[in-house]
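Please look through this structure with attention to its core and its aromatic rings. The paragraphs below take these topics in turn.

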Amino acid sequence: MDNVDVFYSLWAGAMVFGMQCGFAMLCAGSLRQKNAKNIMLQNILDACGGAIGFFLCGYSFAFGSGNSFIGYDKGYFAIGGLVDGTDYIDFFFQFAFAASCATIVAGTIAERCQMAAYFCYAFALTAFVYPVVVHAIWNEEGFLSTANENPFMGVGMIDFAGSGVVHMTGGMCALIGAVVLGPRLGRFHDADGKILDEPVSFQPHSVALQCLGTFILWFGWYGFNAGSTLGISGENYGHVAALAAVNTTMSGAAAGVSAMVLDSLLGFWKEGEVHYDLTMTMNGSLAGLVGVTGACAVVQPWAGLVIGIVSGCVYCLGSSLLIKLRIDDSVDGVPVHLFAGIWGCIATGLFAEPVRTKIAYGDSVENFGWFYSWGRGSGDANLLLAEVCGILFIIAWTCVIMIPFFNVLNVLGLFRISALEEEAGMDISRHRGSVYDYSEPDKDVVDALNLSRSGPRNKYKVIQGFAEDELDAPGKNPQKREVEVA
């Protein structure tokens with residue numbers, strides 16, 4: 001890797017890290033105002049806890065030499081064995097991915113999770129849970145890796161930028177956390193604990209912040225997907241990066257439209273009226289970006305469009321499914337990341353085109369998307385089976401670790417805040433006040449100002465009277481008197 005490649009990865013990694021801002025704005029806008037400060041702090045802790053956890057041991061577990069399941073190279077712990085720019089930039093780029101995985105959970109369990117529990121979770125995910133998935137699928141020793149000497153099913157699991165590795169892992173953790181933590185007060189049950197006929201929808205306090213966050217995330221996704229070439233100077237690297245950018249665009253665009261249309265049709269069927277939901281459209285686009293992340297370098301642009309259309313529908317239906325199951329996802333992170341991530345892995349096993357797959361993964365690859373295998377008269381489904389096995393591994397591994405983890409926190413009383421704190425809001429109860437300052441000037445000052453505008457004569461009388469009656473009163477600020485009398 002030369003300096004050009006180092007700079008390329010630096011640029012791409014910085015874009016991926018910038019997605020933290022997008023997550024923060026999207027989550028803050030999606031929640032109620034009384035918890036906006038809390039969710040932004042959680043997003044910052046994702047980056048902080050993720051950096052510390054990945055630095056201490058996560059990077060070694062993910063990319064250090066070891067066995068087919070986990071790495072344990074001593075030189076990678078606390079990156080003590082890294083010596084040059086190539087090594088350092090690889091750590092930085094991979095850290096940005098780890099932090100993105102961790103922040104997926106923030107929105108799902110928002111408005112009711114204790115800060116200490118959240119920091120513990122962010123550390124555990126980036127230090128151990130996520131790195132094991134990375135090692136299995138992206139490290140050359142991993143049992144599901146395409147770079148393994150004897151790849152699983154003869155091909156391994158193709159997940160170019162992480163539909164499964166990043167988004168499914170984070171989404172599965174979010175789902176487990178939401179189930180263990182339970183819904184927000186008043187979401188599915190009344191004050192007596194009885195199930196409501198219709199779930200209560202908590203309206204987002206700022207759609208503008210939601211929209212801003214969505215565009216920031218979409219922008220960062222070009223670094224996420226195209227940057228996963230890990231360089232730009234090598235043969236065909238530019239081709240792969242450009243294709244990834246095009247597929248990212250097409251899938252995100254198609255998913256936004258398909259989610260909006262399907263939601264509108266479902267609304268018309270239920271209510272007889274057509275409405276166009278902005279939140280559904282924005283989350284649909286994010287689902288499309290998730291769905292194409294794993295396949296962006298190996299499918300044709302028309303397939304990227306199809307992947308996006310299906311991703312939007314998967315999100316829309318997945319969101320409704322969670323409500324039916326009474327699982328409270330504050331920002332719909334589970335259908336966006338877990339459900340669309342599962343579809344993205346399956347889509348790779350269906351649409352991976354032979355020529356583009358060989359360009360991205362080398363001429364030794366002989367197993368491609370199932371649809372293309374049928375077109376070649378073989379019906380070979382090895383890649384599709386590898387993708388399904390990868391999906392099952394991610395789900396199983398995440399459940400084995402995170403179900404006990406979240407339940408232990410819950411039993412110890414460290415997971416959920418009290419009902420009173422939840423009703424008041426996390427900003428007031430835990431963060432020294434609301435995110436917005438709505439205090440107004442003193443009423444006497446406002447009245448004096450309004451009267452002073454009625455004319456020069458009244459202005460003189462009002463200011464004089466104000467100075468005598470108000471400013472000279474005990475406890476008044478003498479600086480205020482100077483300003484008003486002047």
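Buried means under 20% relative accessible area, exposed means over 50%, and partly exposed lies in between (1.4 Å probe, protein chains only). The model is predicted: local features need pLDDT of at least 70, side-chain atom pairs count only at pLDDT 80 or more, and totals for chains, interfaces and linings use all residues. Residues are numbered from 1 along each chain as its sequence is written, and side-chain values use heavy atoms, with hydrogens and water left out.

A nonpolar core is a set of buried Ala, Val, Leu, Ile, Met, Phe, Trp, Tyr and Cys residues joined through side-chain atoms within 4.5 Å. The largest such core has 112 residues, and Tyr121, Tyr130 and Phe415 have the most contacts inside it. Helix α4 (residues 115-138) gives the largest share of this core, 13 residues. Helices here are DSSP runs (H or I, at least four residues), numbered from the N terminus.

Rings of Phe, Tyr and Trp (its six-membered ring) pair if their centres lie within 6.5 Å; planes under 30 degrees apart count as stacked, over 60 as edge-to-face and the rest as tilted. By this rule there are 25 aromatic pairs. The rings of tyrosine 8 and tryptophan 11 have centres 5.6 Å apart and planes at 40°, so this pair is tilted. Both residues lie in helix α1 (residues 3-30), 3 residues apart, about one turn of the helix. Tyrosine 8 is buried at 11% relative accessibility, whereas tryptophan 11 is partly exposed at 38%.

Ring pairs also link Phe54, Phe55, Tyr59, Phe63, Tyr76 and Phe91 into a cluster.

Technical notes. Helix = DSSP H or I, 4+ residues; strand = E, 2+ residues; numbered from the N terminus.
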